[in-house]
Amino acid sequence: MGFAHQTVSRAERYHGAIFSVYTDEVTMSDGSTAARDVVENRGAVVVVALDEQDRVVLIKQYRHPVGRHLWELPAGLRDVAGEDEALTAARELAEEVDLTAGRMEPLIDLHTSPGFADETVRVFLARDLAEVADADRHERTAEEADLEVRRVDLDECVAMVFRGEITNAAAVAGVLAAARARDTGWTILPAV
């Protein structure tokens, strides 16, 4: 077991609706202390929605920090207190791509940027997809108003990752994990 790092002090720098920023003074392995900026985030869920033709449902969405549209998977913040993560994933799938899933299984868990953020992301595999009825569809606004939705063969999604066309970290991880799980006959999926 390694050195037991301890937080000696904490100063809040920013508090917002989605994340907060702190500067922690942390003990280091050599006995010194160092300041570390930390972003605390609510966490998120991501959905690899795989249809009966082995196609993944991708969305192209504008992401302001990088100044461009990115190919991603349906996803959303864990912003409803106490909501089960699978229900959050199902809600995001319905809101962003107008789909429901007969099966929603955990695929992988990620720390997206552990060098400065505590954000965790649970990636789900959604199968047995069905369309949400027109009358029940969510009205998309803000950056979601112009989402481009496309179904792309899973193997082509893997190729898109290696060509640098899918760069969102959770999407990269989700696509590669889904391909590996499929290639093993789904035997490596975590037990539910």
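Okay, a definition to start: buried means under 20% relative accessible area, exposed means over 50%, and partly exposed is in between, with a 1.4 Å probe and protein chains only. By that rule Arg91, at 21% relative accessibility, is partly exposed, while Glu95, at 19%, is buried.

Now the ground rules. What you have above is a predicted model, where local features need pLDDT of at least 70, side-chain atom pairs count only at pLDDT 80 or more, and totals for chains, interfaces and linings use all residues. Residues are numbered from 1 along each chain as its sequence is written, and side-chain values use heavy atoms, with hydrogens and water left out.

Let's stay with Arg91 and Glu95. Their side chains meet in a salt bridge, 3.9 Å from N to O; the rule there is a side-chain nitrogen of Lys or Arg within 4 Å of a carboxyl oxygen of Asp or Glu. Both residues sit in helix 1 (residues 85-97), four residues apart, about one turn of the helix. Helices (H or I, at least four residues) and strands (E, at least two) are DSSP runs, numbered from the N terminus.

How many salt bridges does the structure hold? The count is 21. One of them links Arg151 to Asp51, with the closest N and O atoms 3.0 Å apart. Arg151 is in strand 10 (residues 148-153) and Asp51 is in the loop between strand 4 and strand 5 (55-63), so this pair ties together parts that are 100 residues apart in sequence. Arg151 is partly exposed at 28%, whereas Asp51 is buried at 6%.

Then there's Arg122 with Asp109, at 2.7 Å, N to O. Arg122 belongs to strand 9 and Asp109 to strand 8 (residues 99-111), so here the parts tied together are 13 residues apart in sequence. Arg122 is partly exposed, at 25%. And back around Arg91, salt bridges that share partners join Asp79, Glu83, Arg91, Glu92 and Glu95 into one network.

Strand 2 (residues 19-27) is joined to strand 3 by nine bridges, and Tyr22 stands opposite Val38 in strand 3.

The structure holds one aromatic pair. It's Tyr14 and Phe19, ring centres 5.6 Å apart and planes at 45 degrees, so we call it tilted. For the cut-offs, rings of Phe, Tyr and Trp (its six-membered ring) pair if their centres lie within 6.5 Å, and planes under 30 degrees apart are stacked, over 60 edge-to-face, and the rest tilted. Tyr14 is partly exposed at 42%, and Phe19 is partly exposed at 35%.

Last stop, strand 4 (residues 44-49). Why is strand 4 described as largely enclosed by the rest of the structure? Because six of its six residues are buried. Ala44, Val46 and Val48 cover one side, and Val45, Val47 and Ala49 the other. Strand 4 runs antiparallel to strand 7 (residues 75-77), with three bridges, and Val45 stands opposite Gly76 there. With strand 9 (residues 120-131) the pairing is parallel, over six bridges, and Ala44 has Val121 as its bridge partner.

Key. Two strands pair if DSSP finds at least two bridges between them.
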